[in-house]
Amino acid sequence: MAQGVLIFAEQREGVLKPSSLEAATLGRELKKQIGGELSVAIIGANSSSLSSEFKQYGVDKVYLADSEELNQYDGERYTALLAEAVSKAEPSVLIIVASAMGKDIAPRVASSLDAGLATDCTDVEVIDGKIIITRPVYAGKAFIKLRIDSDIQILSIRPNVFPKKVEGDTDPEVIDLQIGEKKYPVSEVQHVKSERPELTEASIIVSGGRGMGGPENFHVTEELADVLGAAVGASRAVVDAGWRPHTEQVGQTGKTVSPNLYIACGISGAIQHLAGMSSSKVIVAINKDAEAPIFKVATYGIVGDLFEVVPKMIESIKSLNETS
Amino acid sequence: MNIVVCMKSVPSSETKVKINSDGVTIEQTDVVFEINPYDEYAIEEAIRAKEAHGGKVTILTLGAATATQNIRKALAMGADEALHLICENTELADSSAIAELLYSAIKEIEFDVIFCGKKAIDCDNHQLPNRLAQLLDIPAVTAISNLELTTESGSAKRNIEGGTELISVNLPALFSAEKGLNEPRYASLPGIMAAKKKPLEERQVSLSNEKSTVLSLELPPPKPKGRIVGEGPEAAGELVRILREEAKVI
């Protein structure tokens with residue numbers, strides 16, 4: 001009989017993804033309601049030390065695969081190991097973070113376990129021992145509630161939505177996983193790093209749209225992003241115009257984000273853009289056009305020329321940072 | 001090189017979502033259905049692969065009978081033939097059941113490469129490509145922004161948080177497309193004419209063995225009315241103060 005909750009702890013290069021602790025917190029709360037144990041699957045090179053990061057999250061068991069062979073994410077290998085952890089832990093719920101890695105591994109493991117999966121969940125409740133999941137569809141223009149009918153209920157959670165919270169102190173038992181043979185040769189996996197915080201993980205995002213006037217003006221939003229430690233986003237219009245890279249696009253055909261603060265500079269607010277960012281906790285709009293649709297979703301707005309407003313904002317943030 | 005492209009017909013990204021009285025589907029009157037934008041990159045990549053290596057491109061669609069017009073668009077872009085698995089109300093249906101139906105159809109087709117979009121912009125499930133690869137027992141590289149394909153292997157670039165992964169796999173393999181993979185072509189007039197005569201097989205299918213159940217579909221709660229802090233640069237200082245002291249987000 002399946003019982004308890006298993007968390008997939010995501011790491012790269014021995015560094016735990018912070019949202020894995022959000023998953024652990026959710027897992028602990030679910031476990032209180034559905035019973036069983038809370039376990040964590042940790043997979044990766046030099047990953048054994050990561051189990052201590054879960055001590056304050058009520059984890060009972062750690063399923064560990066720590067080997068040099070696992071130094072890069074490999075869908076086939078990681079899936080086999082996660083499936084092995086599932087067969088050992090027999091959880092009724094498996095939680096994965098809906099990151100680039102999580103979006104790749106979740107359907108693989110769901111398929112290999114012949115199980116249902118709900119991706120990018122933003123709310124979870126327990127009714128009669130089964131979990132009911134809420135997740136955005138149409139990029140957040142609507143929300144669906146669903147139930148998973150397989151023995152194991154797999155969900156991936158949107159980063160930044162479920163708060164993490166320490167509680168108690170446990171000394172989890174560690175169980176090793178067996179690393180099997182690879183079936184599909186992967187000749188090369190390289191990992192190239194870039195510098196700014198990633199959009200889907202950032203707690204603050206500064207985005208620019210058509211009102212930026214041209215690619216040469218984005219230093220203005222970049223500078224605001226830098227004083228705030230924020231990620232840089234863009235509207236579809238400016239990505240399609242070639243002003244900014246595709247990786248920065250926020251919206252229904254780009255990234256769906258829910259940071260604590262979203263600052264939209266010179267973005268009018270096309271429906272597909274609003275879908276991708278309107279679940280942000282606080283939205284600031286700076287736009288010349290007082291009638292722009294972006295003001296309908298904005299928590300705070302300034303009607304004005306962003307090239308005058310943004311430098312003043314940077315100035316006052318800097319002076320606040322100096323005095324505090 | 002034989003290539004299969006999985007394509008979904010979806011409400012355009014400009015659609016305003018309204019929910020039907022059944023509480024689990026959206027109103028489709030006045031909704032414009034288009035090729036899922038990520039699938040357009042998949043179709044374009046497939047046609048380029050055919051142009052480079054020969055062979056043929058087969059479009060595989062699961063969905064309502066009305067998807068035909070978008071299948072013809074894919075044929076007009078340069079795909080060779082299509083198989084349409086007709087099934088109503090699959091927009092938000094269980095991914096596992098959909099993958100099984102596509103799997104049953106694909107295993108009877110000879111292929112070297114399968115292209116998909118990384119996700120459909122209606123259900124946002126992000127599940128189908130990997131479920132399909134898993135059922136077919138072939139390697140998959142998802143959400144790729146670059147691909148170098150030979151007759152034996154594919155080297156793909158995939159964006160991850162703060163970086164890029166480069167992954168090479170042997171064929172047969174599945175790749176799912178991210179925006180930026182290519183610039184999809186417009187169908188030419190001769191292409192549109194030719195598409196009318198290209199083979200399009202239709203089969204009625206039904207979903208079975210679903211592993212999830214939709215309970216309800218709701219619109220997001222309305223946003224509380226925002227506040228215009230002021231006009232022009234004079235308001236910037238006040239905005240920063242509010243963000244720091246009231247909203248506590250900076």
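Between domain 1 of chain A and domain 2 of chain A, six residue pairs are in polar contact, with both residues at pLDDT 80 or more. A polar contact is a pair of N or O atoms within 3.5 Å; within protein, one must be able to donate a hydrogen and the other to accept it, and residues adjacent in sequence count only if both atoms are side-chain atoms. The model is predicted: local features need pLDDT of at least 70, side-chain atom pairs count only at pLDDT 80 or more, and totals for chains, interfaces and linings use all residues. Residues are numbered from 1 along each chain as its sequence is written, chains are lettered from A in the order in which they are written, and side-chain values use heavy atoms, without hydrogens and water.

Domain 1 of chain A spans 5-176 and domain 2 spans 199-323; such bounds come from an automatic or database domain assignment. Their centres, taken over C-alpha atoms, lie 32 Å apart. Nine residues of domain 1 of chain A touch 13 residues of domain 2 of chain A, where contact means heavy atoms within 4.5 Å. The two domains bury about 900 Å² between them, with 40% from carbon and sulfur atoms. Buried area is the accessible area (1.4 Å probe) that two parts lose on being put together, summed over both. In domain 1 of chain A, Ala139(A), Lys141(A) and Asn160(A) lose the most area to domain 2 of chain A, together 57% of what that side buries.

One salt bridge crosses this domain interface. The term needs a side-chain nitrogen of Lys or Arg within 4 Å of a carboxyl oxygen of Asp or Glu. Glu201(A) and Lys17(A) form a salt bridge, at 2.0 Å from N to O.

Now to the chain interface. Chain B gives 75 residues to the contact and chain A gives 92. About 7000 Å² is buried between chain B and chain A, 54% of it from carbon and sulfur atoms. In chain B, Glu161(B), Lys179(B) and Lys211(B) lose the most area to chain A, together 10% of what that side buries.

Four salt bridges link chain B and chain A. Arg236(A) bridges to Glu14(B), with the closest N and O atoms 3.3 Å apart. β9(B) gives the most to the side of chain B that touches chain A, with eight residues. Strands here are DSSP runs (E, at least two residues), numbered from the N terminus.

Strand β18 (residues 300-303) of chain A pairs with β13(B) in the parallel sense over four bridges; pairing requires at least two DSSP bridges. Val303(A) stands opposite Glu231(B) in β13(B).
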